[in-house]
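User: Could you walk me through this model, beginning with the ligand site and then moving on to whatever else you have?
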Amino acid sequence: MSVTVLIGAQWGDEGKGRFVDWLASEADIVARYSGGDNAGHTVAVGDTVYKMHLIPSGILHPNIVTVMGNGMVINPINLVKEIEYLQTMGITVTPDNLMISTRAHIITPAHIEMDKAKEKALGTEAIGTTLRGIGPAYYDKTGRKGVRMGQMLDLAAFANALEATIKESNDILARDGFTTIDIDASISAYLAVAERLRPYIKDTTVYLNQRLKNGAKVVSEGAQGTLLDIDHGSYPFVTSSSPTVGGALTGLGIGATHINRVIGIAKTFSTRVGGGPMPTEQENEIGRRLRGTGENFWDEFGTTTGRARRCGWLDTVMLRYAVAVNGFTELALTKLDVLSGFETLEIAVAYELDGQRMDYPPSTAEEQARAIPIYETVDGWQEDISGARSWSELPKNAQNYIQRIEALCDVPVSMVSVGPERSQLVVL
Ligand code: IMP
């Protein structure tokens, strides 16, 4: 058993990239299993900040093979840009250390236009998507008419498949009064990137299973978070994939028996981008303080869209649900340093809904929006903890905060980050 799965335990943006980067130092392969360039993974190494949307964060380590699994939806234009960006930053990216699944689906310009059109049509009820074409690409996948990365291996057939899918979307866009896609320009742009990407496209399912059989250690990198899961999130304010543990299995094509660690990554407070319920949101000075000003790359503004994130107190009702759904063996907490300086901190320990106390979130977005958090107040700490590297260097109240999370979620905390840099980590 040699697969460690890292999963966002909240609404995404938990800081998964830095833990993937940390665990990659002991792995052979880092494999991403879901989503597309709606994700934004940031890793700081010394003074250099790397921002990735598609390529697994493990690419920063020499001698690691990174895999983009079959569960992903890939914008090939943006993928080529990302390969070039990393190469400019001095990172080696070749078909020897990056493999793309033949079975992963392609995001076309039509998907992006459809995403924009659907959001516009929803008006005030919009989901607040990243407008990267994610939903429409998964829609075509489950509708059994998507185009897959493997089709790039036969360029003539690939061009025909693209033409057919874009034409179909154009009909819908034109019918509803939206801008249509220039089919010829799209096909020639996609053929150009297909030429570049062809050497990277492999049967990654067979590759991963052969490597696992021979004892390789795999880190499976999640994107988004449990509370954005198509089944387990606040539907319809969710993404269109399964960021949860089941998604790791289907999104890579590996068996459950390979998994020995499932790490939930959670911020020490809550953030969410886009629409949908967020019971502990603080639209006040507390929320602004948690968000930061945007001067630093780790402040709460989206890596992909630049949108200000909604911020609020830690919600252990939602976190408990994430622990249950994923069977986390442990939690890794991020941004503990941001809580320094609060006199007291609030933790949501349960909800009240229609006069009933609830330990788990209700299943509909409408009920989640009406749920009233029941808070527990704990003492804060004033010290700057960004230099702490061990449990004993954390103030007593910070230790108490972590222990309270462990008790409320019934799962041990194994790592805590105290700053954005790779080394600002306390391993427990
Ligand atoms: P989509 O994935 O672009 O369709 O967006 C659906 C919802 O998921 C929106 O609320 C987005 O803001 C949210 N979302 C998608 N990807 C991320 C992410 O990487 N971090 C945080 N939120 C995300």
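User: Where does a polar side-chain atom of Asp13 sit relative to the ligand?
Analyst: A polar side-chain atom of Asp13 lies 3.0 Å from a nitrogen atom of the ligand, where a polar contact is a pair of N or O atoms within 3.5 Å (within protein, one must be able to donate a hydrogen and the other to accept it, and residues adjacent in sequence count only if both atoms are side-chain atoms). This is a predicted model, in which local features need pLDDT of at least 70 and side-chain atom pairs count only at pLDDT 80 or more, while totals for chains, interfaces and linings use all residues. Residues are numbered from 1 along each chain as its sequence is written, and side-chain values use heavy atoms, with hydrogens and water left out.

User: And what do Gly128 and Thr239 do with the ligand's oxygen atoms?
Analyst: An N or O atom in the side chain of Thr239 is 2.6 Å from an oxygen atom of the ligand, and for Gly128 a backbone N or O atom lies 3.3 Å from a ligand oxygen atom. The protein buries 97% of the 470 Å² that the ligand exposes when taken alone (accessible areas by the Shrake-Rupley method with a 1.4 Å probe).

User: How many residues surround it?
Analyst: The ligand has 15 residues around it, the closest being Asp13, Asn38, Thr130, Thr239 and Arg307, with a heavy atom within 4 Å as the criterion. By class, that shell has six nonpolar, seven polar and two charged residues (Ala, Val, Leu, Ile, Met, Phe, Trp, Tyr, Cys and Pro count as nonpolar, Asp, Glu, Lys and Arg as charged, and the others, Gly among them, as polar).

User: Why does the ligand lie between the domains?
Analyst: Domain 1 (2-95 + 203-427) and domain 2 (105-201) both give residues to the shell, so the ligand lies between them; the bounds come from an automatic or database domain assignment.

User: How far apart are the domain centres, and how many residues are in contact?
Analyst: Taken over C-alpha atoms, the centres of domain 1 and domain 2 are separated by 28 Å, and 32 residues of domain 1 are in contact with 25 residues of domain 2, contact meaning heavy atoms within 4.5 Å.
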